[in-house]
Amino acid sequence: MNDADFLLWVRGPGMIIAVAVFVFGVLVRFLEMWLLGKNVDLAEPKGAAFGAGVRTMFTRSAPCGEEMCDGGFVLFSSWAFHIAFVLIFLFLAPHILFLKSILGFGWPALPKALMTILAIIGIISMVALLVHRFFHAVRNFLGKTVDYVAWTATFLPLLTGYLAAHSPLFGYSMSLALHILSFEIFIVLIPFTKLMHMFTVWVARYINGAAFGRKGVAV
Amino acid sequence: MPDPFMTLGEKLALQGVTRRTFLKYCTSLASLMALPPAMAAEMAEKLAKSTRQPVIWLSFQECTGCTESIARSHSPTLESLIFDAISLDYHHTLQAASGGAAEAARLASMKEHYGKYILVVDGAIPMKDGGVYSTIAGISNYDMLIDTAKGAAAIIAAGTCAAYGGLPHANPNPTGAVSVSDIVKDKPIINVPGCPPIATVMTGVIAHVLTLGALPELDEQKRPKVFFGDTIHDRCYRRPFYDQGKFAKTFDDEGARNGWCLFELGCKGPVTRNACATLKWNGGASFPIESGHPCLGCSEPNFWDAGDFYRALPEPAGKVLTTAAAAVAAGAVIGIAAGAIGRRKKAKAAAERKPVTSDDLK
């Protein structure tokens, strides 16, 4: 299989397999969680659930003052790569073309120079977080293989995308193919790893906060 | 009738081409092939002294576009003069002889120049059903290739069909078409892909073999690196617009009128290696992108099956939406089933739950 064949495979059958696994997996997990339901809480409420739930969606997103914040480094780096990742995925011109071909509509792109800066910020932030995890005793202890798999699956689309756009080491065909393949691996892993948090994070935080609020716990 | 032993220099002089003009041509050819400047004079000297190189040209499953590209130059160029100066001993489109006489010319040349002639092949070779889908004088393309390749010094696979199978090889490939290098394994092969290939690239390759007596440096797909080292995108004059993010969205919008990048209209320039953007076509007049059309990637393997010509490279080549719909249906069924199993387990656990009382703690 040469570069052109490889690119064609990842754009065609590879993408179809990845999208099928992604859509199937995410839907199964959602339905499984939703249909299982929650037990009805028969206790007398001691506070408002809704406000606490909404408040928790924000407070858990900026846990400053807690030990895990590490003087803002983890908070800043985590937000930086998340924002970079989402903005690049949604607003880089070639990505919009990709999404438009599936959704049937597109939107204006952000300047490529801004995308480049975001990609560099994203890459540096992720590497810094990984290094930090190695040297942080608690995080190192808590880190499991699946966490590093998720990190790698997230990091590779950023790195290969940057290389494809700026210095295609293996030629443009191979660089683009590797970038698309890394994206396919990323979406295939979403339903089966902690990457699923991209769909569940806000709901989970709301439910946690609402449960605490109902019990009268300050959040 | 010209003297068959006349050198190229003598022939060019006879046709009014000055030494100065010829040197200029050789300098540009040497430059084009990334040879040292000193090689230009040596190339001119060797080319001028060379006698007519015997060439046998086999046309198999093809459309004659490759021959048209090279033989019907825009005007009588030096390239065409050099083609006049090779001894094209067999080419069933161009030669006057036909039938048995044509085949006799091929066999005679093969015998006389055994081990020395250059074999040019355009067109793919059908392999299905014993190769019956393309025959010449009752001989299948496969048999003729095997027979003629035996005595060839080198083989030039001219055009995408000969180099990679091309259009005959495209899905569903009803004739089982394959490329020259799929069949011939024991001869040096130079692939000069393109649909059609650029005439200057063909003459450049032949000039290289004639002057240096060796094949040009080839890449992993057996293409001369000097002509196929860069992508169209690397050398495209619209590249600055790509870097600036300025793209034509349709063929008649403001971007198209301003000559912006055609990437979003499906241009395959970034993944296509060829010299179109530098050598251009029709006497250097233009090339497809300059005419406002995206590159189709015609010099790449399987270009015909590489997805929609007008679909941008980042777009999926398959039916993703249909797949996603099927995945939603399957996911809904399995998800509901998994949910039902979960609920049953939950209900069972609740039914079997034995509350802990203070008596249990005594």
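Tutor: What follows is a set of questions and answers on a predicted model, so its values are computed.

Student: Why is α1(A) called roughly parallel to α17(B)?

Tutor: Helix α1 (residues 3–36) of chain A packs against α17(B) at an angle of about 30 degrees. Angles under 35 degrees count as roughly parallel, so α1(A) is roughly parallel to α17(B). The axes of the two helices are 7 Å apart.

Student: Which hand does the crossing of α1(A) and α17(B) have, and which classes of residue are in the contact?

Tutor: The crossing of α1(A) and α17(B) is right-handed. The contact of α1(A) with α17(B) has 23 nonpolar, five polar and three charged residues.

Student: What makes α3(B) roughly perpendicular to α11(B)?

Tutor: Helix α3 (residues 38–49) of chain B and α11(B) pack at an angle of about 85 degrees, and their axes are 9 Å apart. The range for roughly perpendicular is 65 to 115 degrees, so α3(B) is roughly perpendicular to α11(B).

Student: Which residues meet where α3(B) and α11(B) pack?

Tutor: From α3(B) there are M43(B), K46(B) and L47(B), and from α11(B) there are A207(B), L210(B) and T211(B). By class, the contact of α3(B) with α11(B) has four nonpolar, one polar and one charged residues.

Student: Now the domains of chain B. Where are they, and how far apart do their C-alpha centres lie?

Tutor: The domain assignment gives domain 1 (8–228) and domain 2 (232–305) for chain B. Their C-alpha centres lie 27 Å apart.

Student: How do you know that domain 1 of chain B is in contact with domain 2 of chain B?

Tutor: Two residues are in contact if their C-beta atoms lie within 7 Å. By that rule, 16 residues of domain 1 of chain B are in contact with 15 residues of domain 2 of chain B. On the domain 1 side, the elements that give two or more residues are α8 (160–164), α11 (199–212) and α12 (225–228) of chain B. The residues on that side divide into nine nonpolar, six polar and one charged.

Student: Why is K222(B) called buried?

Tutor: A residue is buried if 20 or more other C-beta atoms lie within 10 Å of its own. K222(B) has 20 C-beta neighbours inside 10 Å, so K222(B) counts as buried. K222(B) is in the loop between α11 and α12 of chain B. Its phi is positive, near 65 degrees, and K222(B) is a residue other than glycine.

Student: Why is T64(B) called partly exposed?

Tutor: T64(B) has 13 other C-beta atoms within 10 Å, so T64(B) is partly exposed. T64(B) is not a glycine, and its phi is positive, about 75 degrees. Its place is the loop between β1 (54–59) and α4 (65–71) of chain B.

Student: Which peptide bonds in chain B are cis, and where do their prolines lie?

Tutor: One of them runs from N171(B) to P172(B), with omega near 10 degrees. P172(B) is in the loop between α9 (166–169) and β8 (177–178) of chain B. The bond from C195(B) to P196(B) is also cis, with omega near 5 degrees. P196(B) lies in the loop between β9 (189–192) and α11 of chain B.

Student: Back to chain A. How many helices and strands does chain A have?

Tutor: Chain A has nine helices and zero strands. Of its 219 residues, 31% are buried.

Student: Which residues are buried in α4(A), and what follows that helix?

Tutor: In helix α4 (residues 93–103) of chain A, the residues A93(A), P94(A), I96(A) and F98(A) are buried. After α4(A) comes G104(A), with a positive phi near 95 degrees.

Conventions: Residues are numbered from 1 along each chain as its sequence is written. Chains are lettered from A and ligands numbered from 1 in the order in which they are written. This is a predicted model: local features need pLDDT of at least 70, side-chain atom pairs count only at pLDDT 80 or more; totals for chains, interfaces and linings use all residues. Axes are lines fitted to C-alpha atoms, for helices over the stretch in contact, and angles run from 0 to 180 degrees between N-to-C directions. Helices (H or I, at least four residues) and strands (E, at least two) are DSSP runs, numbered from the N terminus. Angles under 35 degrees count as roughly parallel, over 145 as roughly antiparallel, 65 to 115 as roughly perpendicular and the rest as oblique. A crossing is left-handed if the near helix is turned anticlockwise from the far one by less than a right angle, and right-handed if clockwise. Ala, Val, Leu, Ile, Met, Phe, Trp, Tyr, Cys and Pro count as nonpolar, Asp, Glu, Lys and Arg as charged, and the others, Gly among them, as polar. Domain bounds come from an automatic or database domain assignment. A residue is buried if 20 or more other C-beta atoms lie within 10 Å of its own, exposed if 12 or fewer, and partly exposed in between; C-beta atoms are placed from the backbone.
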